[in-house]
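Morning, everyone. I have one model to go through, so please look at the screen.

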Amino acid sequence: MTVLSTETLPVVSESDIVNVRRSVRESAARLGFSLVDQTKVVTAASELARNTLIHGKGGQMELITLNGPRTGLRLSFQDRGPGIADIQLALRDGFTTGSGLGLGLGGAKRLVNEFEINSRVGEGTTITVTRWK
Amino acid sequence: MATTTLNQNATLGSIIQQHRETILTEWLREMSGAIRRSDLMKESELRSECSQFLDLLADATRAGVSSQSAGHEPLRDMLGDLSRTRAQKGFTPRETALFVFSLKRPLFTAIRETYGNDARVMGDEIWGTTELLDSLGLYTTESYLKSREEVIRRQQEDMLELSTPVVKLWEGILALPLIGTLDSARTQVVMESLLEAIVQTNSRVAIIDITGVPTVDTVVAQHLLKTVTAARLMGADCIISGVRPQIAQTIVHLGINLLDVTTKATLSDAFGLALQRSGITFVRQQKKEPKSEV
Amino acid sequence: MEKIPILRMGEFLLVTIQVDMHDRLAMTLQDDLTNRISQTGAKGVLIDISSLEIVDSFIGRMLGNIASMSRVLDAETVVVGMQPAVAITLVELGMSLTGVRTALNVDAGMELLRNSIDAQKDFLYDSPVH
């Protein structure tokens, strides 16, 4: 896998979530993603960034562009927050009823091609997602 | 004198320079017969291709660096273009690869002349040259494959587009007659074209006709549901028509919830409903009674 | 701090969202709208999202909240102009925004609002008990 570029963005404030959306959009557009795919990956990034900020107490996102043999975008959200005790539960949709609960991870997972989550209670969480062109 | 591969390729560059004309002539001669394809390429074109390649090869090897490095980029770029244009002209990948491989014999002849007496150095030099030309020949095949894949991909896209025509039945009413099997990729394209058409034509009703779809399994049903939901989010309603009894059974069997979605047996029924929802009524004109002459 | 303008058009309020909102701006809009509805006694709210290229779960919830709160204040909400890519993504995300009425554009949205308000009026005037 050839890494074209890596960029790290802080995710510690609300305006950072907007920055994340903008950077992911720019990268996806530059890689030539279709409009629908761009929208999906940017929306996933928004969900995960908010998750990092609110549940992870702040962290960062690594934005990696891949180009060989496949073209794609990899996003890695890392925080040193409380961690997720029950990952399976977190992946289940809890917010579609509009109750505001649930971590939005299940939805984000459906918007990407690859989804990897590592979390330890008391240590933090790393969520890495990949969207191929 | 011990020589390393680096040095060997450096001398290859100077060998090419020294014996350039002879190598070029013999190379062209090697390419007569099956791979020459004079029907696809003129003598003068081939000659300039070979000259260009030889010069770039000499430059790259004179720099004396490994074939993967930046110094070989102009050479690889030229080969990539060559491979593509030849593919377009109709050359097979084998013919294009042989373009590179047929340079071996003239080069080995030149190397033998330079190192005739020193078997060991000559052996090393020939090995280095063979390695380099093998990798370059393989590169042409890779480039060929890449460009073929690109063509196939584009043709697939075109086919998908052609097989999902969206039809305007009336002001504000669209129909999407689906024909054939629906797989995941196709359904995505279908979804997107329908939704785009809804926006562009300002249509509030879209009829998805599945008369021509042989089987509806959970995956297809889910995709249809997603399309209907997405259209609703945009402000348009969908009606699914052409639901045959077998499909109705399958849907119930699979426990798919279509309660939210309106379905009709025929496209014509669906159209009638769409008109009704749009507040449109058709009135049959009364035929005027012919006046009788008095 | 920037605010999203709320226009008054007769009995309706019109909001056009054109920027990529950060969360706080979205919450502010929610508050502002509910205040304006009760201040003006508006019967309908039109939210034009035709320029929004991203609607994530937060914005989706905001739209749902606005619809619910307006209803409590006796006003109908219609969200108009959702882009196809956004609609497809929302569905994949799992949000169907039940309870939020939608229309293709502002005109269609106004028509929808007027029809539903007229229907309410008919009900009021037709019922035997005044």
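Along the sequence, chain C runs β-β-α-β-α-β-α-β-α, which comes to four helices and five strands. Helices (H or I, at least four residues) and strands (E, at least two) are DSSP runs, numbered from the N terminus.

Before going further, the ground rules. This is a predicted model, in which local features need pLDDT of at least 70 and side-chain atom pairs count only at pLDDT 80 or more, while totals for chains, interfaces and linings use all residues. Residues are numbered from 1 along each chain as its sequence is written, and chains are lettered from A and ligands numbered from 1 in the order in which they are written.

Now the overall form of chain C. The C-alpha atoms fill a box of roughly 45 × 35 × 25 Å along the principal axes.

How much of chain C is buried? Of its 130 residues, 43% count as buried, that is, 20 or more other C-beta atoms lie within 10 Å of the residue's own, with C-beta atoms placed from the backbone. Of the contacts in chain C with a separation of 6 or more, 77% are between residues 24 or more positions apart; a contact means C-beta atoms, placed from the backbone, within 7 Å.

Next, the neighbour. 13 residues of chain C are in contact with 15 residues of chain B. On the chain C side, α3 (84-93) and β5 (101-103) each supply at least two residues, and α3(C) gives the largest share, five residues. By class, that side has eleven nonpolar, two polar and no charged residues. Ala, Val, Leu, Ile, Met, Phe, Trp, Tyr, Cys and Pro count as nonpolar, Asp, Glu, Lys and Arg as charged, and the others, Gly among them, as polar.

Last, chain A. Five strands form an open antiparallel sheet in the order β1-β2-β3-β5-β4; strands pair if DSSP finds at least two bridges between them. β1 (3-11) and β4 (114-120) of chain A are at the edges with a single partner strand each, so one side of each has no neighbour in the sheet. β4(A) and β5(A), residues 124-132, pair in the antiparallel sense over seven bridges. In β5(A), A:T130 is the bridge partner of A:E114.

Notes. Buried ≥ 20, exposed ≤ 12 C-beta atoms within 10 Å, placed from the backbone. Contact = placed C-beta atoms within 7 Å.
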